[in-house]
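The sequence and model come first, and my notes follow.

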Amino acid sequence: VDVRNIKELKPEDSVYRELALIKVRATAVERQGIMSICDIFRAKVIDVSSESIMMELTGSQSKIDAFLKMVENYEILELARTGIAGLVRGHEDIVYIED
């Protein structure tokens with residue numbers, strides 16, 4: 001990966017998010033309960049099989065942690081988190097990258 005610029009962002013002047021993909025074991029009976037939790041957190045169901053359900057969730061670290069706490073009663077089969085990505089608000093302080 002070609003990293004061209006690293007900058008520390010101030011929380012009050014920036015927007016930042018994290019992405020999580022979560023796969024949970026789910027029977028047909030459990031699926032509706034999991035989908036209700038997804039609705040509350042605005043998680044997107046991206047795959048469903050006979051034994052599992054996979055969700056995509058973006059937001060702050062605390063939102064993702066809260067979601068994981070809500071689904072911890074189900075068996076989490078796989079979990080991938082990107083870490084925080086962010087940008088400065090507005091158009092001030094933009095660094096233009098030339099090739």
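Does Glu 18 count as buried or exposed by its relative accessibility? I note before answering that this is a predicted model. Glu 18 has a relative accessibility of 4% and therefore counts as buried, the cut-off for that class being under 20%.

Entry on the partner of Glu 18. I looked for what its side chain meets, and I found a salt bridge with Arg 81, at 2.8 Å from N to O. Arg 81 sits in strand β4 and Glu 18 in strand β1, so that the pair links parts of the chain 63 residues apart. For Arg 81 I read a relative accessible area of 33%, which makes this residue partly exposed.

Entry on the other salt bridges. My search of the whole structure returned five of them. One of these joins Glu 78 to Lys 23, with the closest N and O atoms 2.7 Å apart; because Glu 78 belongs to strand β4 and Lys 23 to strand β1, the pair ties together parts that are 55 residues apart in sequence. Glu 78 is partly exposed at 46%, and Lys 23 is also classed as partly exposed, at 22%. I then looked up Lys 69, which forms a salt bridge with Glu 72 at 3.4 Å between the closest N and O atoms. Lys 69 is exposed, with a relative accessible area of 56%, whereas Glu 72 is partly exposed at 46%. Salt bridges with shared partners also join Glu 18, Asp 65 and Arg 81 into one network.

Entry on the sheet. I traced four strands in an open sheet, in the order β2-β3-β1-β4 and with antiparallel pairing. Strands β2 (44-48) and β4 (76-88) form the edges, each pairing on one side only, and the twist from one strand to the next averages 15°. Between β2 and β3 (residues 52-59) I found four bridges, and Lys 44 has Glu 56 as its bridge partner in β3.

Entry on the helices. Helix α1 (residues 28-41) lies across β1 (14-25), β2 and β3, and runs at about 10° to β3. Helix α2 (residues 61-70) packs on the sheet and touches β1, β3 and β4, with its direction at about 155° to that of β3.

Entry on Ser 14. I placed this residue in strand β1, and it counts as buried at 3% relative accessibility. Its side chain reaches the backbone oxygen of Lys 10 at 2.8 Å. Beyond its neighbours within four places in sequence, Ser 14 is in contact with Leu 9, Leu 87, Val 88 and Arg 89.

Technical notes: Residues are numbered from 1 along each chain as its sequence is written. This is a predicted model: local features need pLDDT of at least 70, side-chain atom pairs count only at pLDDT 80 or more; totals for chains, interfaces and linings use all residues. Side-chain values use heavy atoms; hydrogens and water are left out. Two strands pair if DSSP finds at least two bridges between them. Helices (H or I, at least four residues) and strands (E, at least two) are DSSP runs, numbered from the N terminus. Axes are lines fitted to C-alpha atoms, for helices over the stretch in contact, and angles run from 0 to 180 degrees between N-to-C directions. Contact means heavy atoms within 4.5 Å. Buried means under 20% relative accessible area, exposed over 50%, partly exposed in between (1.4 Å probe, protein chains only). A polar contact is a pair of N or O atoms within 3.5 Å; within protein, one must be able to donate a hydrogen and the other to accept it, and residues adjacent in sequence count only if both atoms are side-chain atoms. A salt bridge is a side-chain nitrogen of Lys or Arg within 4 Å of a carboxyl oxygen of Asp or Glu.
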